[in-house]
Amino acid sequence: EAVLVDGKFLLGGDDLTLCDFFVGGLYTNYFANPNTPFAKEEFAACLAKYPKFKAYGDKHATAVKVHLDKRPKCPVWE
């Protein structure tokens, strides 16, 4: 939470960087993926505890929406 600046990506800017794809990918692939077959309750609890991470993840998901809309609707490892 301490490194997340409201409305910014991880390095404090308005543009995605490589580290945003790594951390944001964790959010979109696991935390916010309705097809994740495990730990849904734990992910939800984590997002409730860390609202800045959720806001960051939502911003990342919006930035990569074109890709997310095209990816297969399945668990990450299939």
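Modeller: Here it is, and keep in mind that this is a predicted model. Let's start with Y56, which counts as buried because its relative accessible area is 3%.

Biologist: Okay, which residue forms an edge-to-face aromatic pair with Y56?

Modeller: Begin with the whole structure, where a search turns up seven aromatic pairs. In one of them, the ring centres are 6.5 Å apart and the planes sit at 85° to Y56's ring, so with over 60 degrees counting as edge-to-face, the pair gets that label. The partner is F9.

Biologist: How many residues apart are F9 and Y56?

Modeller: F9 belongs to the segment before helix 1, while Y56 is in helix 3, residues 51–63. The pair therefore links distant parts of the chain, and the separation is 47 residues.

Biologist: Is F9 buried or exposed?

Modeller: Its relative accessible area is 4%. Buried means under 20%, so that settles it: F9 is buried.

Biologist: Which residue lies over the face of F9?

Modeller: Ring pairs put F9 in a cluster with Y27, Y30, F31, F38, F43, F53 and Y56. Over its face, though, there's a lysine, at 4.9 Å from the ring centre. That's K59.

Biologist: Last one: what is phi of A39 near?

Modeller: A39 is in the loop between helix 1 (18–31) and helix 2 (40–49), and it's partly exposed at 26% relative accessible area. Most residues other than glycine have a negative phi. A39 isn't glycine, yet its phi is positive, near 60°.

Terms used:
Residues are numbered from 1 along each chain as its sequence is written. This is a predicted model: local features need pLDDT of at least 70, side-chain atom pairs count only at pLDDT 80 or more; totals for chains, interfaces and linings use all residues. Side-chain values use heavy atoms; hydrogens and water are left out. Helices (H or I, at least four residues) and strands (E, at least two) are DSSP runs, numbered from the N terminus. Buried means under 20% relative accessible area, exposed over 50%, partly exposed in between (1.4 Å probe, protein chains only). Rings of Phe, Tyr and Trp (its six-membered ring) pair if their centres lie within 6.5 Å; planes under 30 degrees apart count as stacked, over 60 as edge-to-face and the rest as tilted. A charge sits over a ring if NZ of Lys or CZ of Arg is within 6 Å of the ring centre and within 35 degrees of the ring normal.
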